[in-house]
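Hello,

Here is the structure I said I would pass on. My notes on the fold follow below it.

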Amino acid sequence: MTENPQPFEGIPLIAPSSTDHPQYDAIVEACRSVFDPEIPVNIYDLGLIYTIDIDAENAVKIVMTLTAPGCPVAGEMPGWVAEAVEPLAGIKQVDVELTWEPPWGMDMMSDEARLELGFM
């Protein structure tokens, strides 16, 4: 007789994004305009953007990571993301938080990124 495994409990490693917010798609496109200078794919399709949280006042909080903690643009890339999103119409403010949990992995890339980088 097999036992049913218990469901996972607790807080997810990556918080869900505000995908139903009217500004979400525009913010995703703004994030797609930012590239890691060492990789010819935008940071959104690389899977570096974990969460896009947009509140009722159109304040945006983006949680992102980098491909490696030693990334030479670690200090600059969150600012690039904020600069890409802030000019969007109706956005009140943008806060970008850098996290290392969970660590980025190649499995986080979109199919488009995998194709571009020759992994498909």
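**What is in the chain**

From the N terminus on, the elements run α-α-β-β-α-β-α. That gives four helices and three strands, where helices (H or I, at least four residues) and strands (E, at least two) are DSSP runs numbered from the N terminus. The model is predicted, so local features need pLDDT of at least 70 and side-chain atom pairs count only at pLDDT 80 or more, while totals for chains, interfaces and linings use all residues. Residues are numbered from 1 along each chain as its sequence is written, and side-chain values use heavy atoms, with hydrogens and water left out.

The three strands form an open sheet in the order β1-β2-β3, with mixed pairing; two strands pair if DSSP finds at least two bridges between them. Its edge strands, β1 (49-54) and β3 (93-98), each pair on one side only. Strand β2 (residues 59-64) runs parallel to β3 and is joined to it by six bridges. V60 stands opposite V94 in β3.

Two helices lie across strands. Helix α1 (residues 24-31) lies across β1 and β2, at about 145° to β1. Helix α3 (residues 77-85) lies across β2 and β3, at about 155° to β3. Axes are lines fitted to C-alpha atoms, for helices over the stretch in contact (heavy atoms within 4.5 Å), and angles run from 0 to 180 degrees between N-to-C directions.

For the chain as a whole, buried residues (under 20% relative accessible area, 1.4 Å probe, protein chains only) make up 41% of the 120 residues. The C-alpha atoms fill a box of roughly 60 × 40 × 25 Å, taken along the principal axes.

Regards

How values were computed:
Buried means under 20% relative accessible area, exposed over 50%, partly exposed in between (1.4 Å probe, protein chains only).
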